[in-house]
Every structure is written in C-alpha cells, then in structure tokens.
Amino acid sequence: MAYTYDDQNIFAKILRGEIPNDTVMETAHTLAFNDITPQAPVHVLVIPKGPYVTYDHFCAEASDVELVDFARTVAAICADRGVTADTSPGFRAISNAGDHAVQEVPHFHMHLLGGRPLGRMLARA
Ligand code: AMP
C-alpha cells in the first residue's frame, strides 16, 4: 500500500504524550479516549498505537496481535459503556477514510457512538 503516515497529526501527538486526552482504556497496542466534540452521550475514539492512516491500511498491514488487540478493546469499551446491542439499544461504529468520508485526522480511528437514537447511517447529500 502507498499510504504515507504524517507523524505530526494530533493523534500521533496524543500517543507521544505531547497533548492530553481523556483516556477510556489503554492496552499494549490500542488507546481509546473520549472525543473532544462528542456527538452522542457515548463518543469514544479507538486508535491503534501503530502508524496507520485508515482502517483499510490497518487491516492490511497491522500484525495479528495488533488487530486482535484492537478488536477486543472495541468489545471491552462497548461492554464497559453499556452500549452492546444485546443488553441495550446499541451503538454505531464509524471509521472515516479519505476525502469523501471527510477524514479530519490522518491516523486511523474508530468512532464508537451510543446512548441516544442515532438515526439512519447516512444523511442524504
Ligand atoms: P474524523 O473526521 O473521522 O477524522 O474525526 C476526527 C475526530 O477527532 C472528531 O470527531 C474530533 O472531534 C476528534 N478530535 C480532534 N482532536 C481531538 C482531541 N485532541 N481529542 C479528542 N478528540 C479529538
């Protein structure tokens, strides 16, 4: 893949401890923190600690250990925040990649949103 990682992006600075974050969960390979502009009562961003630009970049190039660590952390956060769809009205996971999706921060992140009705997946343009 031809992705180029910009290590000056804001999430890279959070990972280096250069700017603060409101940590929700941290593992060996994954960090989760509250979004600074929450769009729902639960709005957690989950990021790998490795230098991946988008979800497809992460899925293609991360190690099996990183992939599993990320996925298990997502599950743990959903359970911890009480938004799993088996015991609550559920949640939405979103990962924006590139210009069409209006990705603002070029470090792969998964938005976990819940705690209120979220409407349909996409607004009509
Ligand atoms: P995206 O458009 O998918 O790249 O989303 C980037 C998200 O990062 C937005 O929801 C922002 O509110 C969030 N964000 C930007 N800076 C910070 C920060 N310092 N701490 C937490 N969330 C942030």
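1. The largest pocket of this predicted model holds about 800 Å³ of space. A pocket here is an open set of points on a 1 Å grid over the protein atoms alone, with protein on both sides within 12 Å along at least five of seven lines, and its lining residues have an atom within 4 Å of a point. Grid points are joined across faces, edges and corners, and the volume is the space filled by probe spheres set on the points. Of the 31 lining residues, Asp-35, Gln-39, His-43, Leu-45 and His-111 are the closest to the centre of the pocket.

2. Local features need pLDDT of at least 70 and side-chain atom pairs count only at pLDDT 80 or more, whereas totals for chains, interfaces and linings use all residues, and side-chain values use heavy atoms, with hydrogens and water left out.

3. The lining of the largest pocket comprises 16 nonpolar, nine polar and six charged residues, where Ala, Val, Leu, Ile, Met, Phe, Trp, Tyr, Cys and Pro count as nonpolar, Asp, Glu, Lys and Arg as charged, and the others, Gly among them, as polar. At least two lining residues come from each of α1, β2, β3 (42-48), β4 (91-94) and β5 (110-114); helices (H or I, at least four residues) and strands (E, at least two) are DSSP runs numbered from the N terminus.

4. The ligand sits in the largest pocket, in the sense that more than half of its atoms lie within 2 Å of the grid points. The elements giving two or more residues to the shell around the ligand are α1 (10-15) and β2 (30-34), and α1 provides the largest share, three residues. By class, the shell has eight nonpolar, six polar and two charged residues.

5. Among the 16 residues around the ligand, those that come nearest are Asp-35, Asn-96, Glu-104, His-109 and His-111, a residue being near if one of its heavy atoms lies within 4 Å. Oxygen atoms of the ligand lie 2.5 Å from a polar side-chain atom of Asp-35, 2.7 Å from a polar backbone atom of Glu-104 and 2.9 Å from a polar side-chain atom of His-111. Taken alone, the ligand exposes 510 Å², of which the protein buries 87%, with areas from the Shrake-Rupley method and a 1.4 Å probe.

Notes
Residues numbered from 1 in each chain as written. Polar contact = N/O pair within 3.5 Å; in protein donor to acceptor, adjacent residues only side chain to side chain. 1 Å grid on protein atoms, 1.4 Å probe; cavity = no way out; pocket = protein on both sides within 12 Å on 5 of 7 lines; lining within 4 Å.
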